[in-house]
Amino acid sequence: MPTRTDHFHAYKEKIIELKDLEEATLKSETFLIEEDPNKQLTIYYAPFEYVNPQAKVVIAGITPGLYQMRQSFEAIRDLADAPDEEALRAVKQRGSFSGPIRKNLVTMLDDLDLHHHLGLPTTLDLFGEANHLVQNTAVLPYPVFYKGKNYNGSSPDMLRTDLFRSYVEGSFAEEMAVLEDALILPMGINVRRAVETLVDKGIIAPERVVSGFPHPSGGNGHRHRIFAENRESMRRHIAEHFKQHPLK
């Protein structure tokens, strides 16, 4: 599954030509991909298509939020003259889990010793010079909003919403199948549920999936407790995976 660029070709010039990156500009008809008015759901385009086939770790979220959407547009405007693949790779590096969430994510990943298994001083390097080791992704690859706010995966239920099925069982499943040896870290229970449906379908081997990792959002008041409860089992799982799949 090489990086798809068909959507990017359709939207690249529109992104570059924008006069501002205000919320109303980003969440406009120009970038609207799909919607379900009855459920008050909207999906907008953002250039998060890059797939890194060499990734050793997959960090999976629910969907990019408005902040990440803006970061992705900024990256494309800064790299207007770059080749498509380079620009899309830069989007993933700059925009994925950007903002306060990245600090929380790195703190937890370092606590699980992931950086040691990857030969890094810190997992923060996964968003910099060691970006080639990671695939930062989302079950729903484009920004989704519920009642105008960032969608959190639970309301409405991601797995019971027709609008989302083609992404969970389509693009996300295809991406996970390509990255067949990469360790998968689903962030939060809703992402884990989506991953588990692909395990049940035989698309993902169960031993690839690290269970118990909480969503690192500052709004998740339970993340410290959940992390503490699952810390040791996650550390063992990660260590065992890299024992079986050492870096070459």
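## Surroundings of L140

Neighbours within four places in sequence aside, L140 is in contact (heavy atoms within 4.5 Å) with I62, T63, P64, Y151, M158, F164, Y167 and V168. Apart from it lies another core, of 26 residues, which includes I101, L109, V134 and F213. A nonpolar core is here a set of buried Ala, Val, Leu, Ile, Met, Phe, Trp, Tyr and Cys residues joined through side-chain atoms within 4.5 Å. Buried means under 20% relative accessible area, exposed over 50%, and partly exposed in between, with a 1.4 Å probe and protein chains only.

## Basis

This is a predicted model, in which local features need pLDDT of at least 70 and side-chain atom pairs count only at pLDDT 80 or more, while totals for chains, interfaces and linings use all residues. Residues are numbered from 1 along each chain as its sequence is written, and side-chain values use heavy atoms, with hydrogens and water left out.

## Largest core

The largest nonpolar core has 50 residues, and those with the most contacts inside it are M69, F73, V139, L140, Y151, M158 and F164. Elements giving two or more residues to this core include helix 1 (6-16), helix 3 (66-78), helix 4 (84-95) and helix 8 (189-200), as well as strand 2 (41-44) and strand 5 (144-146). Helix 7 gives the most, with seven residues. Helices (H or I, at least four residues) and strands (E, at least two) are DSSP runs, numbered from the N terminus.

## Helix 7

The buried residues of helix 7 are L163, F164, Y167, V168, G170, F172, A173, E175 and M176. Helix 7 bends by about 35° at F172, the bend being the angle between axes fitted to the seven residues ending there and the seven starting there.

Three strands form an open sheet in the order 4-3-7, with parallel pairing. Strand 4 (134-138) and strand 7 (183-186) are at the edges with a single partner strand each, so one side of each has no neighbour in the sheet. The twist averages 20° from one strand to the next; axes are lines fitted to C-alpha atoms, for helices over the stretch in contact, and angles run from 0 to 180 degrees between N-to-C directions.

Strand 3 and strand 7 pair over four bridges, where pairing requires at least two DSSP bridges. A60 stands opposite P186 in strand 7. Helix 7 packs on the sheet and touches strand 3, strand 4 and strand 7, its direction making about 165° with that of strand 4.

## Antiparallel hairpin

Strand 1 (residues 32-36) and strand 2 run antiparallel, joined by four bridges. E34 stands opposite I43 in strand 2. Their hairpin has four residues between the strands, and Q40 takes a positive phi near 60°.
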